[in-house]
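Biologist: Could you walk me through this one? I am new to it and would like to start from the overall layout.

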Amino acid sequence: MDMITCRARIGGQAPLYSYRVLVPLDQLTPLRRHRVVILHAVTPAGRQPCTRLADVLAPNRWFERYLAMHCGLAARLNLVSRRVEAIILHAIFPEMTARLVPPMLQLDHDPGEASHRISGIDLNAAFDSLAPRIETLVAADLGLCIDNQRRAA
């Protein structure tokens, strides 16, 4: 599965950055595409329709919203998706050492904005397989490794 990792500078004097992992819509299963939040990643080829990692990881029962809240799935899905996102981001951007991706990260240096397209395992509806292993999950479990070929997004 292809993903786009982004590091974007947030305006201001201190070097504050926002980090995201977005999944292009063409990487989602066809049944899931019409159910997700659509965001656009800016790439050299233009704006590409994508979605959040949480919508990709979510089990099919998540889209039956009335069940999601009663089962406590929302909080667990948020935790797992933020942890998986942090693992992916750390593999690409070594300065991202947080266990869960923060809304913004202040750095002591200014590395600049960056965007990379990477490949990993298929994460469509992977919540149920990843959640029990979330404490021991590493980049290699997601199909990422140190030598992962990064391409400009």
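Predicted model: local features only at pLDDT ≥ 70, side-chain atom pairs only at ≥ 80, totals over all residues.

Biologist: Which elements have the lowest and the highest mean pLDDT?

Modeller: Among the elements of the protein chain, strand E7, residues 151–152, has the lowest mean pLDDT, at 50, while helix H5 has the highest, at 96.

Biologist: How many helices and strands are there, and in what order do they run?

Modeller: The protein chain has five helices and seven strands, and from the N terminus on the elements run β-β-α-β-β-α-α-α-β-β-α-β.

Biologist: And how much of the chain is buried?

Modeller: Of the 153 residues of the protein chain, 44% count as buried. The accessible surface comes to about 8,200 Å², and 56% of that surface belongs to carbon and sulfur atoms. As for contacts in the chain with a separation of 6 or more, 64% of them are accounted for by residues 24 or more positions apart.

Biologist: On to the strands, then. What does E1 pair with?

Modeller: Strand E1, residues 2–10, is joined to E6 by six bridges, and these two strands run antiparallel; the bridge partner of Arg 7 in E6 is Ala 114. E1 also pairs with E2 in the antiparallel sense, over seven bridges, and there Arg 9 has Tyr 17 of E2 as its bridge partner.

Biologist: What sits between E1 and E2?

Modeller: E1 and E2 form a hairpin with five residues between the strands, and in this hairpin Gly 12 takes a positive phi near 135°.

Biologist: Which strands pair with E4?

Modeller: Strand E2, residues 16–24, pairs with strand E4, residues 46–52, in the antiparallel sense over three bridges, and strand E3, residues 39–43, is joined to E4 by five bridges, again running antiparallel. A hairpin of two residues connects E3 to E4.

Biologist: Which residues stand opposite Cys 50?

Modeller: Pro 24 stands opposite Cys 50, and Leu 39 has Cys 50 as its bridge partner in E4.

Biologist: Since a cysteine has come up, how many disulfides are there?

Modeller: A search of the whole structure finds zero disulfides. Cys 6 is in no disulfide, and the nearest cysteine sulfur to its own is that of Cys 50, at 7.7 Å.

Biologist: Changing topic: which residues touch the most others in the largest nonpolar core?

Modeller: The largest nonpolar core has 40 residues, and those touching the most other members are Tyr 19, Val 84, Ile 88, Leu 123 and Leu 142. At least two residues of this core come from each of E2, helix H2 (53–57), helix H4 (73–92), strand E6 (114–119) and helix H5 (127–130). H4 gives the most to this core, with nine residues.

Biologist: Now some single residues. What is the phi of Ala 125, and where does Ala 125 lie?

Modeller: Ala 125 has a phi near 55°, a positive value in a residue other than glycine, and this residue lies in the loop between E6 and H5. Ala 125 counts as partly exposed, at 31% relative accessibility.

Biologist: And Thr 43, is that buried or exposed?

Modeller: Thr 43, which lies in strand E3, counts as buried at 10% relative accessibility. The C-alpha atoms of Thr 43 and Arg 117 are separated by 9.5 Å, although the two residues are 74 residues apart along the chain.

Methods:
Residues numbered from 1 in each chain as written. Heavy atoms only, no water. Pairing = 2+ DSSP bridges. Helix = DSSP H or I, 4+ residues; strand = E, 2+ residues; numbered from the N terminus. Disulfide = S-S within 2.5 Å. Core = buried A, V, L, I, M, F, W, Y, C linked by side-chain atoms within 4.5 Å. Buried < 20%, exposed > 50% of the residue type's maximum accessible area, 1.4 Å probe, protein only. Contact = heavy atoms within 4.5 Å. Areas by Shrake-Rupley, 256 points an atom, 1.4 Å probe, with all protein chains shown as cover. pLDDT = per-residue confidence, 0-100.
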